[in-house]
Amino acid sequence: MMNPKMILQLKTMLTKFRQNHPKVPLFFSAASKAINEGSVIEISLTTAEGRELCTNMRVTQDDLEMIRALGEMASK
């Protein structure tokens, strides 16, 4: 179990992240309502140097359970 100090620190960091990147939580909120088993999630990154990295995954039932649990934790 996480200690209360760590939980407060994470909550503060999440609040700051939401302020700095308001579109990201909105995207995840919309995506969490649309995602289902078999959906494909793709993540790409372009580094400051211009290097591109990309991966994807097909969502399983286990993934959905984890995503929903994380969503519930983030909304508290």
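**Questions on a predicted model**

Trainee: How many aromatic pairs does the structure hold?

Mentor: In this predicted model, rings count as a pair if their centres lie within 6.5 Å. On that basis, the number of aromatic pairs that the structure holds is one.

Trainee: Which residues form that pair, and is its geometry stacked or edge-to-face?

Mentor: A pair of aromatic rings is described by the distance of the centres and the angle of the planes. The partners are Phe 27 and Phe 28, with 5.5 Å centre to centre and 65° between the planes. Planes over 60 degrees apart count as edge-to-face, so the pair formed by Phe 27 and Phe 28 is edge-to-face.

Trainee: How many of the twelve residues of α2 are buried?

Mentor: Buried requires a relative accessible area under 20%. Helix α2 lies largely in the open, because the number of its twelve residues that are buried is zero.

Trainee: How far apart are the end C-alpha atoms of helix α2, and what span should its residues give?

Mentor: Helix α2 covers residues 23-34, and at 1.5 Å a residue its twelve residues should span 16 Å.

Trainee: Which element of the protein chain has the lowest mean pLDDT?

Mentor: The protein chain has a mean pLDDT of 90, with 95% of its residues at 70 or more. Among its elements, strand β2 (residues 52-58) has the highest mean, 98, while the lowest, 84, belongs to helix α3 (residues 61-74).

Trainee: Which side chain of opposite charge is nearest to Asp 63, and how far away is it?

Mentor: Asp 63 lies in helix α3 and is buried. Beyond residues up to four places away in sequence, Asp 63 touches Met 57 and Arg 58. A salt bridge needs a side-chain nitrogen within 4 Å of a carboxyl oxygen, and Asp 63 has none. The nearest side chain of opposite charge is that of Arg 58, at 9.6 Å.

Conventions. Residues numbered from 1 in each chain as written. Predicted model: local features only at pLDDT ≥ 70, side-chain atom pairs only at ≥ 80, totals over all residues. Heavy atoms only, no water. Phe/Tyr/Trp six-rings, centres within 6.5 Å; stacked < 30°, edge-to-face > 60°. Helix = DSSP H or I, 4+ residues; strand = E, 2+ residues; numbered from the N terminus. Expected span 1.5 Å × (residues − 1). Buried < 20%, exposed > 50% of the residue type's maximum accessible area, 1.4 Å probe, protein only. pLDDT = per-residue confidence, 0-100. Lys, Arg positive; Asp, Glu negative; His and termini not counted. Contact = heavy atoms within 4.5 Å.
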